[in-house]
Amino acid sequence: MDMKSLLKKLVETESPSHDREAVNHVGALVAAEANRLGAQTEIISNQQTGNHVLARFPSNHPSTFNLQLATFQPSNPILLLCHMDTVFPLGALAKMPFHEADGKIFGPGTLDMKSGIVICLAAIEELQNTDGLKQPVTLLCTSDEEIGSHTSHELIEKLGKESAAVFVFEPALVDGSLKTWRKGGGGYKVTVKGRAAHAGGDHEKGRNAIEEMAHQIIAIQKLTDYTKQTTLNVGVIHGGTVSNVVPDEAIIEVDVRIMQPGEWERIEVEMNKLKPVLNGTSLHISGQLNRPPMPFDETMSATFAKAQSIAAGIGMDLKAGGTGGASDGNFIAPLGIPLLDGMGAIGEGYHSEREFIFADSLEQKKNLLVALLKNW
C-alpha cells in the first residue's frame, strides 16, 4: 500500500463533521479499501451525521485448539478506533492544500486523524501479506468524534466490551508518546433572564441580565481546582441587543474538564446551587458529562507496559504521556479493557492551518501496530 497516496486521497476528500454527505464520501473510500483487504464491511446508517464504517477482518491463523474440550476457541478481536470527520469547513483545502515539504505532510485532517486510518489499513495489509492476522481485527471509523460522538459512543462501548484490547488512532504527542491519560469533558449552558427597559428613560425598571451573568461567571470560574486537575472555562457569552436597552437575556457556555472520580458530581452539585444575585432575574442551567476521564490506573499501567515491551522488540522506545483533551478512548476507559490511545501519526498544529504530520511517522506507527497485532 502506498500510504502517502491513500492519505492524499482521504485528505483531499474534505469531511467537516456537520456535512453528512462529505463525511460519507470519505466513508466510501475507507469501505472500499477495507473490502479490498477482505473485510466484512458494514455501513451503519446515520441520519444525524455521516454514516459509520465498521470493518471486520478475520484471523488468518487457526483458532486456538482446546485439547480438553476438543473445540476451537476463537479469540476476541482487537478494536481499532478512528474517526473520519474533521473540524475544517469545506474549502479549507484551498488555503491549506495537501503537500509534502521538509519531511512534513500538510493538509486539513492530516494529523487529526486521517493518517490514523491509513496506518490501520496499511498494518492490516502488511500482516495479511506476511504472517497473517493472529486474531480478528475490527476497524471502526466514526463520523462525529469532533462534535462529541453523540451517535457513535454506544457503538464504541458495545464493540469495546467484545474486544481483547482497543487501540485509538488519535495523534501521538509531539515527542511520539502515547496518550495514557486524558481528562474527561463536559459542559454547561447557563441562561439568565432579566427585564428589558430603556437605558435612559426607565433604567431603574430594568433587570440587567448581563450584570447578573457577571456574578455567575465569577462564581463558576471559582469552581476550578488545579490541585484536582479540574477546570471550568466560560468560553462563550451572548447578551443584549443595543447599548441603550437594558438586556433581558444573557447566555454563556462553560467547558468543564475533570481527571479525578467524583469531580463531575461535585461540579454538578455546585452548579445547581447557583442562585440569582439581583432581584427580578432568573437562572436556567443545563449540562452533561460528554466523556468520562481516562486515568492512568492499574489497567492502563499494565497495558502500556505490555505495549512498551512489544515495541522494544522492534527497537522502539515507547513513551507515555497525557493530555487534557478527550477522545473516544474516554468511553472505553471505564470498561476496564486494555486501551492504548495516541496510536496515530506524530505531528503538530492540529485543528489549525499549520496542521502537519512528520512523514516518517506513518511507517513508524504502522510498524508499531504490526508488532502489537502480532504479539498481543
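Biologist: Is arginine 291 buried or exposed?
Modeller: Arginine 291 is buried, with a relative accessible area of 6%. Buried means under 20% relative accessible area, exposed means over 50%, and partly exposed is in between (1.4 Å probe, protein chains only).

Biologist: What sort of model is this?
Modeller: This is a predicted model, where local features need pLDDT of at least 70 and side-chain atom pairs count only at pLDDT 80 or more, while totals for chains, interfaces and linings use all residues. Residues are numbered from 1 along each chain as its sequence is written, and side-chain values use heavy atoms, with hydrogens and water left out.

Biologist: OK, which residue forms a salt bridge with arginine 291?
Modeller: Aspartate 328 does, and the closest N and O atoms are 3.1 Å apart. A salt bridge here is a side-chain nitrogen of Lys or Arg within 4 Å of a carboxyl oxygen of Asp or Glu.

Biologist: Where do aspartate 328 and arginine 291 sit in the chain?
Modeller: They are 37 residues apart: aspartate 328 is in the loop between strand 17 and helix 9, and arginine 291 is in strand 16. Helices (H or I, at least four residues) and strands (E, at least two) are DSSP runs, numbered from the N terminus. Aspartate 328 is buried too, at 4%.

Biologist: How many salt bridges does the structure hold?
Modeller: There are 17. One of them joins aspartate 131 to lysine 374, with the closest N and O atoms 3.0 Å apart. Aspartate 131 is partly exposed, at 41%, and lysine 374 is partly exposed at 36%.

Biologist: Switching topic: what's the strand order in the open sheet of six strands?
Modeller: The order is 1-2-8-5-9-18, with mixed pairing. Strands 1 and 18 stand at the edges with a single partner strand each, so one side of each has no neighbour in the sheet. Two strands pair if DSSP finds at least two bridges between them.

Biologist: And what lies across strand 9?
Modeller: Helix 10, which also lies across strands 5, 8 and 18. Phenylalanine 167 is in strand 9, and it is buried at 0% relative accessibility. Leaving aside neighbours within four places in sequence, phenylalanine 167 is in contact (heavy atoms within 4.5 Å) with residues including Leu369, Leu372 and Trp376.

Biologist: Last one: which residues of helix 1 are buried?
Modeller: Met3, Leu6, Leu7, Leu10 and Val11. They cover an arc of only 130 degrees around the axis, which puts them on the same side of helix 1. That arc is taken from the directions from the helix axis to the C-beta atoms.

Key:
Axes are lines fitted to C-alpha atoms, for helices over the stretch in contact, and angles run from 0 to 180 degrees between N-to-C directions.
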